[in-house]
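I am opening a page for a structure that is new to me, and I will write down what I look up as I go.

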Amino acid sequence: MDRERSARIERKTGETDIKLEFGMDGEGLSSLETGVPFLTHMLDLFTKHGQFNLIVDAKGDIEVDDHHTTEDIAICLGQAIVEALGDKKGIKRYGNAFVPMDDALAQVVIDLSNRPHLELRAELPSQKVGTFDTELVHEFLWKLALETRMNLHVIVHYGQNTHHIIEAIFKALARALDEATTIDPRIKGVPSTKGML
Ligand SMILES: [Mn+2]
């Protein structure tokens, strides 16, 4: 690899103030201050299972609810992934991962296609996990797909426990993203018959 694939994003609005550092080829190390405990838990295992590095220092209007903070962290993470990817030369582009978490089985399929799409097929039985609104899983994944300009398919095959289901999704997301962003030395240039992504 010619350069370090990493990025630092700072984003401040009336609702959130976020500093985020992302390393694509990391050691699975994270330092996370999000103010949203369940999201911290998910980002921690995302970083670990994707072999990324991630620092998040986020201050958001969590006195309202977790919506803006969750959404804006996804936006910053997406921007960091794009910047770290750079020209996408030599990447595998596609990633697919199945991850079981006790009773739950999640599959995530990614195409770093530059055409944003989210297909989320998941039943989340509980509206809350701890203080976290589980509808924010859709918000996080959609904003991540949009900013990263990736085609993101998330399928939960089955599962009863909502904490387990969401955890399986984030772990599968990590592994699929790790695969899609991996440099394959056989690939010369950008992996598209159009010559660009
Ligand atoms: Mn857990």
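**Metal site and sheet**

I began with H41, which is partly exposed because its relative accessible area is 31%, where buried means under 20%, exposed over 50% and partly exposed in between (1.4 Å probe, protein chains only). I note that this is a predicted model, in which local features need pLDDT of at least 70 and side-chain atom pairs count only at pLDDT 80 or more, while totals for chains, interfaces and linings use all residues. Residues are numbered from 1 along each chain as its sequence is written, and side-chain values use heavy atoms, with hydrogens and water left out.

Next I looked up the manganese ion, and found it coordinated by H41 (NE2), H163 (NE2) and E167 (OE) at 2.1 to 2.3 Å; donors are N, O and S atoms within 2.8 Å of the metal (3.2 Å for Na, K and Ca), and water is not among the atoms, so sites may look incomplete. H41 lies in helix α1 (residues 37–50) and H163 in helix α4, 122 residues apart, so that the pair links distant parts of the chain; helices (H or I, at least four residues) and strands (E, at least two) are DSSP runs, numbered from the N terminus. H163 also counts as partly exposed, at 29% relative accessibility.

Then I turned to the sheet, which is open and mixed in pairing, with four strands in the order β5-β6-β10-β7; two strands pair if DSSP finds at least two bridges between them. The edge strands, β5 (94–101) and β7 (117–121), each pair on one side only.
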